[in-house]
Amino acid sequence: MWNYHRGLSRLLAIAAGAAFFLAVVFSGAAQAAKAKKLHLGDSTGNSRLSDKPTKFFDVFNGGVPERPPLLLELGDPFLHQGNLDPGFELGTGWVVQPRLWVFGTLRSAVQSYDNGVAPGTTEWANRFDLYANLQLSGTEKLIVGLRPLDRNKFTEFSRYGWSPENEFSDETNARIRTLFFEGDLGSIFSNLDPEGMTPLDYGFSVGRQQLNFQDGIMINDIVDSVGIVRNNLHMPGVSNLRVTAIYGWGELDTNRPDPRAQMVGLFLAADTPKVRWDVDGAWVKDSGQGSSGSFHYGVSAERPVGLLHTTLRVNGSIAQDKETSGVGTGVLISGEFNITPHGSDDNIYFNPFWAIDNYTQVSREPVVGGPLATFGILFASASLGNYLSELSGAAEEVVGAALGYQAFWDHHSKNLTLEVAGRRDTSNERTKNSDYAAGFQYQQRFGRRIQWQVDGFYSIQEKRDNGVGLRTEILYQF
């Protein structure tokens, strides 16, 4: 029975994916050639800013579409026109204007995935991200988030599987995935500085919250943590300096051997006249498997070079005593280069990387993929069910790159990404492999809340069967 399902899913994925890929490429190429343009997407016309005044649009003259309401709005509606409720003032000078907004995103996909190693899967998988935002003022809020249809593991989404098993998996739960409060001391204790001259503007956040640094290469996880940030600092040659200090005490993932691992980090972001710098460092106390922890660092420089936008990064991890199942010692050197073809909003990107030894992240959410997930759609996970990344996101003795083209149509309501990517093993170990893949991702908006997406790939894998996958997803925003 499994061989039948596997062969059928492969055949359908290859046929449908190839047909869609070729139809879009040839159609776009033909239209581009006919219009004598060097891009697949819509033309944007003259990019020069106009000297003529434009018409003022608002909801009353029909120029601005009606605001789609959230699932629940108590108090002032979200981004609505009209006067705001004046609220009330506390003894500290904090003006509180309570509003409750409930919103969410429902994702549902039918997908078939076979990476040529583990048994392939064909399934209908679902995910629901539900949030409640108690907005207390312009800078203070309390966020609560649930994911009632999954348990944050690839195999634990509410789903119906056709292969290799034929059964329904119910993973409904009420576990709180996000719960944090954030605010600004200068706003809460404004009476301490009525003239606005004392540097009290320290932002803070405490609770179970998303941490993302170095574009997710260093850390990309929801962590029990407290953070303090000071923005708008000035130094010679620096127009803005942001300093963030974070202590995390729970929910650090990435296969760390110690479930009670703790993190201390300092993260700097500086804007200079030509370069945006990010300099980050963190230490993790991890007592599992005979280790006492690890150091992590990241340095990135982002700047335009003519019409080319560039980002160069160096990220490193150092295991203190010895390497474990989730903590390694290594360096990941990477670059991100992208350019927009003249007369369009399309995007051409090239993202190379080189991992020396075994680079590991501070922490990452189990379903988001590895350190390489940010470099292209073929390294990223769908974060929905058993449809994993097309190419491994691990950064251990490997060199590779992703080359892609993203085209936009109908005022960005439709977009298509075509990508080829590969990762070549540099260790010369017999157990390691080199892989290459080609894939596409098409997204189209319907109305104000619905997005339809189709993804497909085919991978050529050394010492293993080739991989193939195809999926279609409906995303609804409440």
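Predicted model: local features only at pLDDT ≥ 70, side-chain atom pairs only at ≥ 80, totals over all residues.
Start with the whole chain. There are 478 residues, and 45% of them count as buried. The secondary structure comes to 2 helices and 24 strands. The accessible surface is about 24,500 Å². Carbon and sulfur atoms account for 61% of that surface. Now contacts. Take those between residues at least 6 apart in sequence: 57% of them join residues at least 24 apart.

On to the rings. How many aromatic pairs does the count give? It comes to 14. One of them is Tyr387 with Phe457. Their ring centres are 6.2 Å apart, and the planes stand at 90 degrees. That makes the pair edge-to-face, because planes over 60 degrees apart fall in that class.

Where do these two residues sit in the chain? Tyr387 is in the loop between strand E19 (363-364) and strand E20 (395-409). Phe457 belongs to strand E23, residues 450-461.

Buried or exposed? Both Tyr387 and Phe457 are buried.

Tyr113 joins Tyr387 and Phe457 in a cluster linked by ring pairs. Tyr387 also has a charge over its face: Arg471, at 5.5 Å from the ring centre.

Arg230 lies over the face of Tyr202, at 5.1 Å from the ring centre.

To finish, go back to Tyr387. Look for Phe457 and Tyr113 in its cluster, and for Arg471 over its ring face.

Definitions and conventions:
Residues numbered from 1 in each chain as written. Heavy atoms only, no water. Phe/Tyr/Trp six-rings, centres within 6.5 Å; stacked < 30°, edge-to-face > 60°. Helix = DSSP H or I, 4+ residues; strand = E, 2+ residues; numbered from the N terminus. Buried < 20%, exposed > 50% of the residue type's maximum accessible area, 1.4 Å probe, protein only. Lys NZ or Arg CZ within 6 Å of the ring centre and 35° of its normal. Contact = heavy atoms within 4.5 Å. Areas by Shrake-Rupley, 256 points an atom, 1.4 Å probe, with all protein chains shown as cover.
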